[in-house]
Amino acid sequence: MTTPPPALLIAGHGTRDEAGAEAFRDFVRELGRRHPELPVAGGFIELSPPPLGEAVAELVERGVRRFAAVPLMLVSAGHAKGDIPAALAREKERHPGISYAYGRPLGPHPALLRVLERRLDEALGAAGPDGTPVDRSEVTVLLVGRGSTDPDANAEVHRAARLLWEGRGYAGVETAFVSLAAPDVPSGLDRCVRLGARRIVVLPYFLFTGILPERVRRQTEDWAAAHPETEVRSAEVIGPEPELLDLVMERYEEAVKGDLRMNCDSCVYRIALPGFEDKVGLPQQPHFHPDDDDHHHGHGHHHGGHAHSHAH
């Protein structure tokens, strides 16, 4: 008899915004519709129903004994690193006999970067006020993350900003945070101006609408009203795009196969990133830093067409 594939459990942050919570629930339902071969359920760590434990209980009631949990989160902060694993361990005690694999957060991934680029194009419009095409070299982007007390999580937002900037022709992509971390949105906008920005698009690095993305928009509007000499526009959140649905399934497959690669999503030798398409599949030679005294340690990765597992 063929063993059924593990079920898919989606773990969300939770929000006090009912529209944002319903967007998550709709997303989980859409995943279930797209993949009728899989039992799919989703729950939140805090603030919103259903709680994650209820989602696990729903799967168990449907006869599920194995599942893969995917955190529906852009960065690996406290929830992804601690709260979700702790909740899953608790559910394993509550439901003896179940087993699970745990996937990794979603970003930054080239598919999501393409959605962010699309959101920027939508905010800018197809043409400028006088009908001429918008010159990206005159556009500075302020990518605004959730913010965390975990510096690693905040660094991931900076990484996403750099990857969004590379090869796309924007004047610059700066970062800010809406809570818990500096710089905040007004300070981020001030920095953009000090760097010479005249046209700024504030881009929320969030999956769905909610309290914090709305706060980003309000703070942007307040800053723009106080600085009429600078053109400022607000972009939309990522939303339940096909790329996001496909990425969740990619993370599910990784977890099921135990293929939790570290950074291949943004490796120029595996992924065709804008401006670096010619590097895909190229063998990488050992490289040396001019300040190294000892050139015999050979710290090149030898990508060689990326045949290795990249588990570094």
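**The whole protein.** Keep in mind that this is a predicted model. The protein has 312 residues, and 49% of them count as buried. Among contacts with a separation of 6 or more, 72% come from residues 24 or more positions apart.

**Stop one: H4 and H5.** Select residues 110-124 for helix H4 and residues 151-165 for helix H5. At what angle do these two helices pack? It's about 70°, and their axes lie 10 Å apart. That angle makes H4 roughly perpendicular to H5. The crossing of H4 past H5 is right-handed.

Now show side chains where the two helices touch. From H4, pick Leu113, Leu116, Glu117 and Leu120; from H5, their partners are Ala160, Leu163 and Leu164. Sorted by class, this contact has six nonpolar residues, one charged residue and no polar ones.

**Stop two: H6.** Next, select residues 185-194, which form helix H6. Which residues of H6 are buried? Color Val185, Gly188, Leu189 and Cys192 to see them. They sit on the same side of H6, because they span an arc of only 100° around the axis. In general, an α-helix has 3.6 residues a turn, so residues three or four places apart point the same way.

What do the buried residues of H6 pack against? Show strands S5 (139-145), S6 (172-177), S7 (199-204) and S8 (231-234), plus helix H7 (211-226).

**Last stop.** Just after H6, click on Gly196: its phi is positive, at about 100°.

Technical notes: Residues numbered from 1 in each chain as written. Predicted model: local features only at pLDDT ≥ 70, side-chain atom pairs only at ≥ 80, totals over all residues. Heavy atoms only, no water. Axes fitted to C-alpha atoms, helices over the stretch in contact; angles between N-to-C directions. Helix = DSSP H or I, 4+ residues; strand = E, 2+ residues; numbered from the N terminus. Parallel < 35°, antiparallel > 145°, perpendicular 65-115°, else oblique. Left-handed = near helix turned anticlockwise from the far one by under 90°. Contact = heavy atoms within 4.5 Å. Nonpolar A, V, L, I, M, F, W, Y, C, P; charged D, E, K, R; others polar. Buried < 20%, exposed > 50% of the residue type's maximum accessible area, 1.4 Å probe, protein only. Arc of directions from axis to C-beta.
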